[in-house]
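Subject: Structure handover

Hello,

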Amino acid sequence: MRYFFNSLYLAVLNVLGVLFSCSIVAYAFARYRAPGSRVLFAVLLATMMLPAHVTMIPLFLVFRALDWVDTLRPLWVPAFLGNAFFIFLLRQFFMSLPQELFDAARIDGCSEFGQYWRIMLPLSKPALTTVAIFQFQFTWNDFLGPLIYINSQDKKPLALGLQDFYKTQATVEWQQLMAASVMMVLPVVLLFFFLQRYFIEGIALTGLKG
Amino acid sequence: MKTSTFSRRRFLQYSAGGLGAALAAACVPAAPAMEDTGAAADEPMEAVNLEFWSEGAADWAEEQIEKYQEMTPSVSIEFVTFKWGEMTPKLMTASAGGAAPHITRQDRFRMAGWAGRGGATLLDDFVAQYNINADDYFPATWAEGVWDGKVYSIPFNTDGRFIIWNKDIFAEHGLEADDPPPTQDWEAMIGLAEQLTQTNDDGAVEVMGFIPSQMLGYGNGGDYVYAWANGAEFMKDERTAWMDNPLLVETMQWQYDCVNAVGGIEVASEFSAGWPTVAGFNPFGTGRLAMMVSGDWNLSNFARYYEDLNFGLAPWRIRGTMDQYTGFAGGFCLAIPAGAQNLEESFELLNFLAGLDSQIAHTLRYQNIPCLIAAALDEDVINSSPFPDLRRLANESMNYANFRPITPVGQEIQDLWTYPGTGRDWVFYGQKTPEEACVDMQEIVQKALDDFWASV
Amino acid sequence: MVKRPAILRSLRARETFWFYVFASPWILGFLLFYLGPMIASFGLSLTNYSVLLPTRFMGLSNYSAMFEDNLLGISIWNTAYYAALAVPTSMAAGLGLAMVLNRGDLRGRSFLRSAFYVPAIMPLVAVSILWIWLLQPRFGLINTLLYFLSIKGPNWLGDPAWSKPGLVVMNLTGVGINMVIFLAALQGVPTHLYEAAELDGANRLRKFWHVTIPMISPAIFFVVVIGFINSFQVFTQAYIMTEGGPADSTLFYVLYLYRHAFNYFKMGYASAMAWLLFIVIVVLTYIQFRLSLRWVHYGGQ
């Protein structure tokens with residue numbers, strides 16, 4: 001049960017974190033042209049292109065310098081500071097919305113933050129739902145992060161805690177493996193099932209351009 | 001404007017470079033500094049916190065830790081468990097960050113890799129202080145913990161490799177079912193493999209005779225055992241690999257011939273596919289495989305999943321002899337990574353965990369072979385097995401079991417010689433002759449060895 | 001700070017200001033968690049770093065050693081082969097599923113969507129056992145289906161010629177991810193465009209080609225770019241399922257890198273390998289962005 005709550009805690013923080021940080025950063029990339037913005041976007045994509053295995057040790061040292069090892073912080077704080085995959089995803093969605101919407105709002109005196117908050121976000125529900133589902137799933141299934149950063153039994157999330165099923169070296173009991181899989185999958189499926197209405201609703205953009 | 005951005009960019013470049021260089025430098029081990037802090041931390045006599053990491057065996061570890069804490073309340077122990085094979089990235093990361101645990105239970109044959117690179121604490125003084133006697137352990141298991149004449153780990157548990165045969169299938173073919181297969185006669189083994197293989201009308205293998213080595217999915221072959229049975233060595237000396245040893249070439253050729261005798265690699269790999277390495281899915285247990293070379297852990301699995309299986313188990317004979325055997329000692333050891341603090345307390349705990357009672361408790365739980373001879377031959381241990389006679393045979397055989405090459409490049413040798421996927425596959429899949437494959441393996445291992453000796 | 005009013009004066013300056021304000025969370029995260037480790041790994045690629053032994057500067061010798069590494073060449077070929085098959089198949093399958101499951105008249109739509117998403121979230125260890133059975137040459141589901149089509153299925157993971165296609169098929173387990181992205185994108189296609197196309201007498205295929213595809217092209221572009229980035233780093237399937245075999249046929253680049261980093265104590269060499277891969281992916285992504293100017297339509301175009 002402890003494992004379950006740790007996973008839930010991490011999943012909720014991570015989802016909130018990426019929803020906030022990635023949507024606002026993606027908005028910056030989609031909406032504004034600024035000196036350096038293209039270079040920064042290239043850098044953003046580049047962060048996904050180096051295999052994590054070779055940055056693992058230096059990154060561990062960063063978290064160690066922050067004294068965050070064996071806490072849950074390395075597993076959720078970064079989510080509040082953006083994630084290249086989701087920023088790129090949301091940027092693509094934001095850029096497919098017509099710019100005139102925002103220009104009109106600006107002329108009506110809507111603030112820059114207001115354009116993000118009152119126009120971009122409500123129009124992007126399907127994309128944001130996608131981000132929420134994906135991040136929930138990624139956090140729920142993340143194994144390597146907890147493996148490297150967590151030692152204490154009471155801080156382990158479910159994906160790592162389920163390792164206790166492997167009691168000896170050579171044999172995996174398949175019943176246990178399947179039971180563990182169900183425990184891993186069920187919460188994500190339920191979340192998906194209830195959130196998917198946002199894919200069905202669609203957004204009435206009809207007439208905007210006409 | 002232009003000059004200002006340029007200098008700002010320069011500034012960014014310099015500061016980023018400095019940050020990265022500092023991090024890179026921090027990755028590099030700083031051994032002297034670590035010893036200093038170790039000495040300083042020993043002084044205050046407050047509660048000592050020890051970390052113990054183990055691949056598997058969580059139940060045993062928790063039980064022993066509880067016992068130990070009752071006796072020694074002044075230490076608190078944090079236990080971290082891993083699935084087999086998954087401790088390495090974490091141990092390496094933690095070692096780089098100066099956060100290695102106090103004690104590890106890890107793969108024994110990799111110890112030379114750690115010790116040779118300064119990644120393990122020398123235990124000689126403790127071995128003397130605690131009167132630990134090498135003769136109390138199966139020789140192969142002790143040997144794997146020694147590098148450059150010094151002790152770096154205490155053997156914990158082991159497992160052997162044996163020829164295991166299905167007596168019912170042997171009887172069907174009019175063979176003497178109770179006699180072990182003629183493992184001393186390699187030609188006869190090829191003939192037997194062919195003879196016992198039964199194919200149905202549309203060419204599918206009904207019963208497989210023998211596959212010498214692990215294919216995808218099922219199995220755990222005797223690759224090392226065959227080499228030793230043929231008198232082959234993998235190293236000439238500690239700086240020279242010998243993967244192109246003619247005796248190894250011959251061994252590889254024999255394995256290839258075995259596979260061809262049962263219909264070739266297409267047939268063998270097709271048969272092996274579909275058997276995941278999960279307890280309860282075993283072609284031998286279901287009577288689809290006549291002979292295999294595998295470990296003693298099968299005994300408890302057979303009892304649990306295949307009650308009616310009628311099988312025999314025997315050690316593998318040295319080629320051309322009837323009463324000389326060879327075997328394989330796999331398994332785990334307990335060690336103290338380099339840079340650990342509170343060495344006195346750490347070794348005291350290690351000694352407790354590696355002790356007789358603890359090894360017996362571990363064996364009763366998981367049914368493998370303890371490295372302490374007294375524990376392996378303990379009557380309670382032997383009688384706890386569903387097959388006490390075979391258990392006794394297996395445990396006693398560890399006296400003459402062999403050990404894998406003790407070298408910092410042991411993993412490279414193991415990958416090429418035994419792992420499905422590379423090295424030996426070149427031969428099985430007909431891409432290279434055994435000679436060519438062994439020459440290529442030699443080149444890879446020797447290069448790794450040269451790199452190692454160049455960096456010490 | 002004194003300049004702020006001046007900044008707000010021109011539109012361009014104001015855009016710059018707001019860009020950096022809104023992008024600041026990521027810039028901070030990049031400086032904290034990415035920049036240092038990336039530069040550090042490049043620094044280590046110039047050394048014989050083994051984590052444990054004393055580390056020495058080696059110049060570019062790790063990079064030159066790669067040219068003599070036969071297995072490295074094999075792993076590059078395997079990876080490129082895999083990426084070339086995996087990216088289009090998972091893209092097409094994801095889009096196809098999303099199109100079908102987006103239809104308003106489909107019964108049990110919610111259930112089906114969830115059902116196709118489930119495999120994508122299963123732990124890979126469990127998925128890999130299922131695939132061992134699905135791809136089993138005699139009684140596996142895939143070859144049984146092929147048998148009914150009178151095709152003799154191959155010995156997927158046991159045959160060096162078929163193991164990479166086998167893993168490409170297995171990769172479709174994760175198609176739910178692309179399906180969800182496309183479903184989200186399809187919600188943004190304005191219905192009046194379809195109505196207008198219908199008035200022009202367009203059939204289904206023409207509507208798909210001239211309305212749907214251009215409207216969701218930003219999402220397609222995302223899936224392709226990310227697909228290549230991920231496929232070039234394919235690791236886990238081969239690590240769990242095939243261990244690079246048979247006969248090195250699924251020895252992917254990052255699997256080979258992993259062995260050097262963690263099994264052979266050669267983190268310096270592994271870092272050099274990582275940077276070579278990095279450069280390849282950067283070039284490939286750059287090309288895709290150049291090409292995208294021709295076919296990706298962003299809002300208002």
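B:Met208 stands opposite B:Leu289 in strand S12 of chain B. This is a predicted model: local features need pLDDT of at least 70, side-chain atom pairs count only at pLDDT 80 or more, and totals for chains, interfaces and linings use all residues. Residues are numbered from 1 along each chain as its sequence is written, while chains are lettered from A and ligands numbered from 1 in the order in which they are written.

**The strands around S12(B)**

Strands here are DSSP runs of E, at least two residues long, and helices are runs of H or I, at least four long; both are numbered from the N terminus. Two strands pair if DSSP finds at least two bridges between them. B:Phe210 has B:Met291 as its bridge partner in S12(B).

What joins S12(B) in the antiparallel sense? Strand S7 (residues 161-166) of chain B does, over five bridges. B:Met291 turns up here too, as the partner of B:Trp165.

Is S12(B) buried or exposed? It is mostly covered: seven of the seven residues in 289-295 are buried. Buried means that 20 or more other C-beta atoms lie within 10 Å of the residue's own; exposed means 12 or fewer, and partly exposed is in between, with C-beta atoms placed from the backbone.

S9(B) also pairs with strand S8 (residues 198-199) of chain B, antiparallel, over two bridges. In that pair, B:Gln198 stands opposite B:Val207. The hairpin of S8(B) and S9(B) has five residues between the strands, and B:Gly203 takes a positive phi near 85° there.

**Chain B as a whole**

Chain B has 21 helices and 18 strands. Of its 456 residues, 54% count as buried. Contacts between residues 24 or more positions apart make up 73% of those with a separation of 6 or more. A contact needs C-beta atoms, placed from the backbone, within 7 Å.

Chain B splits into domain 1 (47-159 + 330-402) and domain 2 (161-328 + 421-455). Those bounds come from an automatic or database domain assignment. The domain centres, taken over C-alpha atoms, are 29 Å apart. In the contact, 18 residues of domain 1 meet 15 residues of domain 2. On the domain 1 side, helix H18 (388-397) and strand S18 (401-402) of chain B each give two or more residues. The largest share, five residues, is from H18(B). By class, that side has nine nonpolar, seven polar and two charged residues. Nonpolar covers Ala, Val, Leu, Ile, Met, Phe, Trp, Tyr, Cys and Pro; charged covers Asp, Glu, Lys and Arg; the others, Gly among them, are polar.

**Chains A and C**

The contact between these two takes 69 residues from chain A and 62 residues from chain C. Several helices of chain A give two or more residues to it, including H1 (2-31), H4 (84-95) and H10 (174-195). H10(A) gives the largest share of the chain A side, 10 residues. That side divides into 47 nonpolar, 19 polar and three charged residues.

For chain C, an unreviewed UniProt entry lists "transmembrane region" at several spans, among them 80-102 and 114-134. UniProt positions use the numbering used here, feature names are shortened, and annotations may be inferred rather than shown by experiment. Residues 80-102 are 96% helix and 0% strand, with end C-alpha atoms 33 Å apart. Residues 114-134 are 90% helix and 0% strand, with ends 21 Å apart. The unreviewed UniProt entry also lists "domain: ABC transmembrane type-1" at residues 76-288 of chain C. In the model that span is 73% helix and 0% strand, and its end C-alpha atoms lie 20 Å apart.

**The core**

Which residues touch the most other members of the largest nonpolar core? They are A:Val25, A:Ile87, A:Leu90, A:Val131, B:Val445 and C:Phe182, out of 288 residues. Helix H2 (residues 11-44) of chain C gives the most to this core, 14 residues. Domain 1 and domain 2 of chain B both give residues to the core, so it lies between them. A nonpolar core is a set of buried Ala, Val, Leu, Ile, Met, Phe, Trp, Tyr and Cys residues joined through C-beta atoms within 7 Å.

A:Ile87 is one to click on. Leaving out residues up to four places away in sequence, A:Ile87 touches A:Cys22, A:Val25, A:Ala26, A:Phe29, A:Leu44, A:Gly82 and C:Trp26.

Best wishes
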